[in-house]
Amino acid sequence: MKKLLALTLGTAFTATVATPVLAENFLDYTGVYAAATYTTPSNNGLSMGDMITQVPAAGAIDTFNRALFVQPGFSWDYNVGINYHFPHTHTRAFLDYDNFQDNKERQANGVRDLGAFPAAAGPTTNASARVEQHMDEWRLGLTHYLHFGSRFFVDFSAYVEYDRVLQAFYEHNTGGAPIGGVTTTAFRETDNSFDGWGPGVGFRITGIPYAPCPNFSLFAGAMTTLLYTKDKFHEYEYFNAELFYAYSPENSRSILGKLDIDFGIDYRNVLHMNNTKLRSGVTLGVRYMNIFNAFKNGNTYFNPFPTAAAGGFAANTGYPNDFGRVGPYLQFRIGGMHA
Amino acid sequence: MKNLFALLVSLLAAQAATPLRAAADQFLEYTEVFVRGTYTKPSNNGLSIGDVQIIIPAAALDRFNQAVFLKPKFKWDYTVGLNYRFPDTRTRFFVDYDHFREDASRTDNSILDIGVVPPPGLNLIPVFEYASLLYATQEIRAGFKRLIPFHHRFLVDLGAFLEYDKLNRTMREYINGEHPAEGAPVETSFRETDNIVKAFGPGVGVLIAGIPFKSCKYFGLFGGVATSLLYAKNRFDESNVVTLLNGTQILEYDYNPENSYSILGKFDVNFGIDYRRSIPVSGSKVNTGLTLGMRYVNYINAFKNGNTYFNPFPSTDDFAANTGHAEDFGRFGPYLQLSVGGQKTY
């Protein structure tokens, strides 16, 4: 009984003493950050309209013989993360989440698209297109930093990444007089998405340019990831309110390469609060990111009948498009240990 | 007298062999060989069977307006390599060879492919498709690595190398059924598509290794990336032969364009765990290692498909110039590596 009582009291006492210490220790080594990102995606694959290769007859509208592009604008989004600095080491574990959402619309007259086109003399077309994009990016890994003198540092990272990217593209074209003088209305939706896991590694170089001002630093880094992804595609078109086609192929699997480069300026300081020191920092950076051949567009395309009369041609299994983003970010950090 | 002569020769040979023996011993002491069992799976970009039909078919069969894909599986293969550490330096010369070969096939019904259409309602001949794939790739790398220990539990290995790659992809498609362009049912429409890439170029890489537990210095974690730019010769050949029911064979087309040349980007990421130990053998110590890793590799726009495609007559239709499309080639999967010899790097 005495032993049991002693054990219970001992455990309770240890817990009382140890809990705040452990918590304080944990908080001392743990940093959190949040960044506001302001990025614009590339517009590969966001073509609106066909190209006609004949010289348009007199009176044709300018856009009649060229495709237009939906041009996404900059969009505010966010990035959050947490890192834990293992005591007495130069190693940190990190978890990072980046969210991106954007939509953009464009309207134009006289566009040739979806089988509806403006006649040389007759009603023109009214076209609109809208793109919606969404990206989730998770990274979990380890960073180890090395210092070469007091003003030059290198961070090495290795991580596992999960990405999910969705793109929906809506096209609408009305007017024109292509078929027997009947005014046409055409609508097409094209959905590309992929999600996948993969490993990545990266490095970041940080330098303190002015010795009298060690709080300011400049940095630049690069990361590369290879993702094993599941690629999904769906496309359908309505022509004069009738379903013209609906295409939903099997999912395909790919390896996608991703490059990620950022650079910027950093300010870090120690705040004194209630007799304790709280580390903090603010970063102004620019991020460039590209995923090569990201959207597979169903891995297929129109193939004419291979006849001797039509001539020889290679089988067409579709065209992929890259997906990239670029833009500045502003990050605030608090807690943890300085690297 | 003969015995004396033999003794003298033996002594002389031993005298001469001693430096050679020492050199051989030193070489073996600094030389590591490894063999790796790889279990990887390629991506299936470009392995489409069938076209998309952009009308809603009447009484359509399931596959009538959908493409399907060949789906290669995981396959055992191998990598072998050798590296030599220059004495009293942290620099190693290495050469390794990776081999991969995979075949896959798929059968399906009612696919629209190579001009053969399953006619709704008619079903004169049931449409039956068989497609097969053969991948054969080889990779040889030779170069130098430099180990930089930042302290006894964290190391960085920097590498620079030259690389030769050969990628072959052959896809064969057989289909029977109605062929509207020929105006008659066909027995078989057969198409073979060959893409061959031979490439050579430089690369650089970095590998980070750490020993996470002080108490167990034999275990290491590592993660690395290598990237190469390869100057590649791209070859392409595609032919299509239709056999009618009466046995007549029609060569629809045979497309064998000139070779083209391109620069290919390649990414290679691997990570894993490592166990290294010295084993006493006959009074000396032999370093051994066991590695369990994962490798992801991707060639961007590797297969060029002849760099061309059908372009309709511009006087009648509405298309931008079409110069064809390229496809990635990627592989990923685990590997198990055994290494013997050389000096411990950490």
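Student: Why is His88(A) called exposed in this predicted model?

Tutor: His88(A) has 6 C-beta neighbours inside 10 Å. A residue is exposed if 12 or fewer other C-beta atoms lie within 10 Å of its own, so His88(A) counts as exposed. This residue is found in the loop between strand E4 (75–85) and strand E5 (91–109) of chain A.

Student: What makes the phi of His88(A) worth a remark?

Tutor: The phi of His88(A) is near 60 degrees, a positive value in a residue other than glycine.

Student: Why is Asn240(A) called partly exposed?

Tutor: Asn240(A) has 14 C-beta neighbours inside 10 Å.

Student: Where is Asn240(A) found, and what is its phi?

Tutor: Asn240(A) is found in the loop between E9 and E10 of chain A, and its phi is near 50 degrees, a positive value in a residue other than glycine. E9(A) and E10(A) form a hairpin with 2 residues between them, and Asn240(A) is in the turn.

Student: How do you know that E9(A) and strand E10 (residues 242–247) of chain A pair?

Tutor: At least two bridges are required for a pair. E9(A) and E10(A) have 5 bridges, in the antiparallel sense, with Glu237(A) opposite Tyr245(A) in E10(A). By the cut-off of two, therefore, E9(A) and E10(A) are paired.

Student: How many bridges does strand E9 (residues 216–239) of chain A have with strand E11 (residues 252–273) of chain A?

Tutor: E9(A) and E11(A) pair over 16 bridges, in the antiparallel sense. Ala222(A), for example, stands opposite Ile261(A) in E11(A).

Student: Why is Arg191(B) called buried?

Tutor: Arg191(B) has 22 C-beta neighbours inside 10 Å. The threshold for a buried residue is 20 or more, so Arg191(B) is counted as buried. The residue belongs to strand E8 (residues 184–210) of chain B.

Student: Which residues are in contact with Arg191(B), leaving aside neighbours within four places in sequence?

Tutor: Arg191(B) is in contact with Ile114(B), Glu173(B), Glu238(B) and Asn240(B). The C-alpha atoms of Arg191(B) and Asp113(B) are separated by 9.8 Å, although the two residues are 78 apart along the chain.

Student: What makes Asn321(A) partly exposed?

Tutor: Asn321(A) has 19 C-beta neighbours inside 10 Å. A buried residue needs 20 or more, and an exposed residue has 12 or fewer; Asn321(A) therefore counts as partly exposed. This residue is found in strand E13 (residues 321–335) of chain A.

Student: Which residues does Asn321(A) touch, not counting those up to four places away in sequence?

Tutor: Asn321(A) touches Asn44(A), Gly45(A), Ala294(A), Phe295(A) and Asn297(A). From C-alpha to C-alpha, Asn321(A) and Asn297(A) are 7.9 Å apart in space, with a sequence separation of 24 residues.

Student: How do you know that E4(B) is paired with strand E1 (residues 31–42) of chain B?

Tutor: The requirement is at least two bridges. Strand E1 and strand E4 (residues 75–85) of chain B are joined by 10 bridges and run antiparallel; by that requirement they therefore pair. The bridge partner of Tyr39(B) in E4(B) is Trp76(B).

Student: What joins E4(B) to strand E5 (residues 91–109) of chain B?

Tutor: 8 bridges join E4(B) to E5(B), and these strands run antiparallel. Leu82(B) stands opposite Val95(B) in E5(B). The hairpin of E4(B) and E5(B) has 5 residues between the strands, and Asp88(B) there takes a positive phi near 65 degrees.

Student: Which residues have the most contacts inside the largest nonpolar core?

Tutor: They are Leu226(A), Ile255(A), Ala294(A), Ile208(B), Val269(B) and Tyr296(B), in a core of 32 residues. The largest share of this core, 4 residues, comes from strand E7 (residues 152–179) of chain A. Ile255(A) touches residues including Leu226(A), Tyr296(B) and Phe332(B).

Student: What is the pLDDT of chain A on average?

Tutor: Chain A averages a pLDDT of 82, and 79% of the residues score at least 70.

How values were computed: Residues are numbered from 1 along each chain as its sequence is written. Chains are lettered from A and ligands numbered from 1 in the order in which they are written. This is a predicted model: local features need pLDDT of at least 70, side-chain atom pairs count only at pLDDT 80 or more; totals for chains, interfaces and linings use all residues. pLDDT is the predictor's confidence in each residue, from 0 to 100. A nonpolar core is a set of buried Ala, Val, Leu, Ile, Met, Phe, Trp, Tyr and Cys residues joined through C-beta atoms within 7 Å. Two residues are in contact if their C-beta atoms, placed from the backbone, lie within 7 Å.
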